[in-house]
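Subject: Structure handover

Hello,

Here is the structure I promised to pass on. Please have it open while you read the notes below it.

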Amino acid sequence: MAAGSLSHTLRHPTFRGLWTGGAVYFVGNAMQAMAATWEMVEDTNSSFLAALVQTAVFLPMFLLSLPAGVLADTTDRRRLIVAALVTQAVSVALLAVLLALDAIGPAGLLFLTFVCGCSTALITPAWNSSVADSVPREELGAAITVVSIAYNAARALGPTLAGFVFAQVGGAVVFLFALAGTLVMLHSVRRHPPKPHPPSRL
């Protein structure tokens with residue numbers, strides 16, 4: 001099997017563990033974003049508020065990408081990722097519980113969705129760096145391709161799964177699936193902690 005091939009890259013245990021956790025996490029994130037949008041539409045019938053949900057999902061990436069990159073290069077990546085994942089897990093669990101109790105309004109839905117978006121924005125640079133460190137440099141291109149395949153597949157699969165679950169049992173269960181994805185990612189990072197980087201003067 002040629003070194004640098006996609007299947008060869010997945011033979012590295014650390015990369016495979018982080019990739020699997022990330023793939024499940026991507027699907028959960030896509031499900032969560034779609035369910036939050038549908039809940040907003042059902043509760044308010046407002047296209048403007050539904051658009052605000054997407055803003056709450058993606059605005060943190062714009063606001064926090066640079067600070068998150070600096071943190072990924074200057075702090076303990078494992079602690080950063082774990083802290084952000086725990087924050088996201090708590091937020092998604094609150095969404096599920098409050099929705100099941102019919103005790104959340106548009107403002108709460110937007111706020112908790114924004115918190116989840118901030119967590120994802122903080123995780124992304126540190127996780128990407130950790131994945132890159134888990135394979136030899138000559139296989140980095142193949143690793144990036146494999147990660148991209150997982151991410152793009154999640155963008156297609158997540159909304160499809162969310163739609164099916166939402167139609168059958170409601171949005172609260174969709175958020176529980178998203179919570180499960182976050183916990184799988186948390187387990188993978190704890191089992192395959194990122195390599196420590198050299199001390200920085202920043």
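Predicted model: local features only at pLDDT ≥ 70, side-chain atom pairs only at ≥ 80, totals over all residues.

Residues are numbered from 1 along each chain as its sequence is written, and side-chain values use heavy atoms, with hydrogens and water left out.

Salt bridges first. The structure holds 3 of them. The term means a side-chain nitrogen of Lys or Arg within 4 Å of a carboxyl oxygen of Asp or Glu.

Arg 77 takes part in a salt bridge with Asp 73, at 3.8 Å from N to O. Arg 77 also pairs with Asp 133, where the closest N and O atoms are 2.9 Å apart. Through shared partners, Asp 73, Arg 77 and Asp 133 form one network. Helices here are DSSP runs (H or I, at least four residues), numbered from the N terminus.

How accessible are these residues? Arg 77 is buried, at 8% relative accessibility. Asp 73 is partly exposed at 45%, and Asp 133 is partly exposed at 32%. The cut-offs are under 20% relative accessible area for buried, over 50% for exposed, and partly exposed in between (1.4 Å probe, protein chains only).

Arg 79 and Asp 76 also form a salt bridge, at 3.9 Å from N to O. Arg 79 is exposed at 63%. Asp 76 is partly exposed at 42%.

Now Glu 39, in helix α2 (residues 13-44). Glu 39 is buried but has no salt bridge. The nearest side chain of opposite charge, Arg 155, is 22 Å away. (Lys and Arg count as positive, Asp and Glu as negative; His and the chain ends are not counted.) Leaving aside neighbours within four places in sequence, Glu 39 is in contact (heavy atoms within 4.5 Å) with Leu 99, Leu 109, Phe 166 and Gly 171.

Last, the helix pair. The axes of α2 and helix α3 (residues 47-74) come within 8 Å and cross at roughly 155 degrees. The two are therefore roughly antiparallel, a label for angles over 145 degrees. Residues that meet across the pair include Ala 33 and Met 40 in α2, and Leu 49 and Val 53 in α3.

Best wishes

Terms used:
Axes fitted to C-alpha atoms, helices over the stretch in contact; angles between N-to-C directions. Parallel < 35°, antiparallel > 145°, perpendicular 65-115°, else oblique.
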